[in-house]
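User: I would like to learn how to read a structure like this one, feature by feature. Please give the general idea where there is one, and then the case at hand.

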Amino acid sequence: MERQVLHINVANFLATVEELCDNSLKEEPFVIGPTNARRAVVIDLSEKAYKEGIRKGMPLKKVQRVGGIPVLSPRYELYAKAEMALYKRALQFAPVVEKLSGGHLYLDITGTKKIFGKPTDHAAHIKREILDDLKIDSIVSHAGNKLVAKVATRIIKPYGFISVYHGDEELFLRNQDVELLPGVGVKLLERMDLLGIQTAGELAEISDDDITTVFGIQGLRLKDTAKGIDYSPISPLPSHLRRIQEERILGSDTSDRDELEAYLYILGEGAGLTLRQNNMLAAGVEVEISYIDGITRKGTMKLQNASFCDRDFFDATRQVLRRIFDRRVRVRKISMGLTRLQEGTMQLDLFVPDARIKRENLQGTIDSIRKKFGKKAI
């Protein structure tokens, strides 16, 4: 049976949520960013601000010099609630849904034709329901895999619907800019530009020998990407959760390791809470940092014992950060993930050390207080 994948993408998600809370914002350009931080940058922006030449990552001081453009402070808890509402709505239309940050969802609708009709009709129905119920206009794409579906939504921003049928993947990508392909960052673009590679079709036509000479072993993967080949599964939440990820675009770029560790702790608390809400354990962590020059560093660590405790995750992610933070360049974005997830229980056996019992009991107490009085209570 051919796979049928939908990708829902809400362009400028944070700005869209702010517009839902204040209709007057729809009439003017605005940006979102921490106004009280040094070297603060634009985290998100409205479509009208984009048309005026403003982009994510721009220094807020530069934007503020353009008179009359409001700057809103980010409200992350509000955005998280909106993401969850979007996710719950999508669950009504697909047996498998993968939730990503920033208003992105992947839906596996393979085998649902008898219930919801043709994939194109199914997609149109979902798009209409999201607009009617949540007042959110979205981009929806239909394809045979996640890769092609993702590229498709990038092409038709900020709104619309597009379908790429099985067998048309390579033809669809052939004339698209190579920078639209997932995984192609600033450094790869620079090397491709030196080789005169501008489109996915030009990348796909390079011989295996030549592409591995230039890009190493990842060259073959890049070539498959350019052809629209992708077998990655859609990972549903929460029943078969495979990884939990939290990320933050920093309010101000920083090269202070202590500040980065503080962000890691905040991200770890969010990921840990999601883990415990789904009664899961994590046996691995990963950390990724993105420097202001576009270079990224990523590291992983396997935990000695699967855990659900924030402190265990922070201790591990801090070690990973110290290993990968190896440049005297400011960091713009940091993310952390919990991996090697497994269904678990918070019940302890008789042979767990006393110190660990105390730590896990403390974690349960903290969660109870935050559930009753809010996340900022502790």
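Analyst: Begin with the chain as a whole: it has 378 residues, and 46% of them count as buried. The model is a predicted one.

User: How many helices and strands are there in the chain?

Analyst: The chain contains 15 helices and twelve strands. Its accessible surface is about 19900 Å², with 50% of that belonging to carbon and sulfur atoms. Taking contacts between residues at least 6 apart in sequence, 64% join residues at least 24 apart.

User: Next, helix packing. At what angle do the axes of helix 1 and helix 4 cross?

Analyst: In general, a pair of packed helices is described by the angle and the distance between their axes. For helix 1 (residues 13–21) and helix 4 (residues 76–91), the axes come within 10 Å and cross at roughly 95 degrees. Helix 1 is therefore roughly perpendicular to helix 4, as angles of 65 to 115 degrees count as such.

User: Which residues in helix 1 and helix 4 meet?

Analyst: From helix 1 they are Phe13, Leu14, Val17, Glu18 and Cys21; from helix 4, Leu78, Tyr79, Ala82 and Glu83. Sorted by class, this contact has seven nonpolar residues, two charged and no polar ones.

User: Now single residues. Is valine 285 buried or exposed?

Analyst: Valine 285 counts as buried because its relative accessibility is 0%, and buried means under 20%. The residue is in strand 10 (residues 280–291).

User: Which residues is valine 285 in contact with, leaving aside neighbours within four places in sequence?

Analyst: The contacts of valine 285 are Gly299, Thr300, Met301, Leu303, Phe313, Ala316, Thr317, Val320, Gly337, Leu338 and Thr339. As for methionine 336, its C-alpha is 7.2 Å from that of valine 285, though the two are 51 residues apart in sequence.

User: Where is arginine 276 placed, and why does it count as buried?

Analyst: Arginine 276 is in helix 13 (residues 257–277). It counts as buried because its relative accessibility is 7%. Phenylalanine 308 is 32 residues from arginine 276 along the chain, and their C-alpha atoms are separated by 6.4 Å.

Notes: Residues are numbered from 1 along each chain as its sequence is written. This is a predicted model: local features need pLDDT of at least 70, side-chain atom pairs count only at pLDDT 80 or more; totals for chains, interfaces and linings use all residues. Side-chain values use heavy atoms; hydrogens and water are left out. Axes are lines fitted to C-alpha atoms, for helices over the stretch in contact, and angles run from 0 to 180 degrees between N-to-C directions. Helices (H or I, at least four residues) and strands (E, at least two) are DSSP runs, numbered from the N terminus. Angles under 35 degrees count as roughly parallel, over 145 as roughly antiparallel, 65 to 115 as roughly perpendicular and the rest as oblique. Contact means heavy atoms within 4.5 Å. Ala, Val, Leu, Ile, Met, Phe, Trp, Tyr, Cys and Pro count as nonpolar, Asp, Glu, Lys and Arg as charged, and the others, Gly among them, as polar. Buried means under 20% relative accessible area, exposed over 50%, partly exposed in between (1.4 Å probe, protein chains only). Accessible areas come from the Shrake-Rupley method with a 1.4 Å probe; for residues, only the protein chains shown count as cover.
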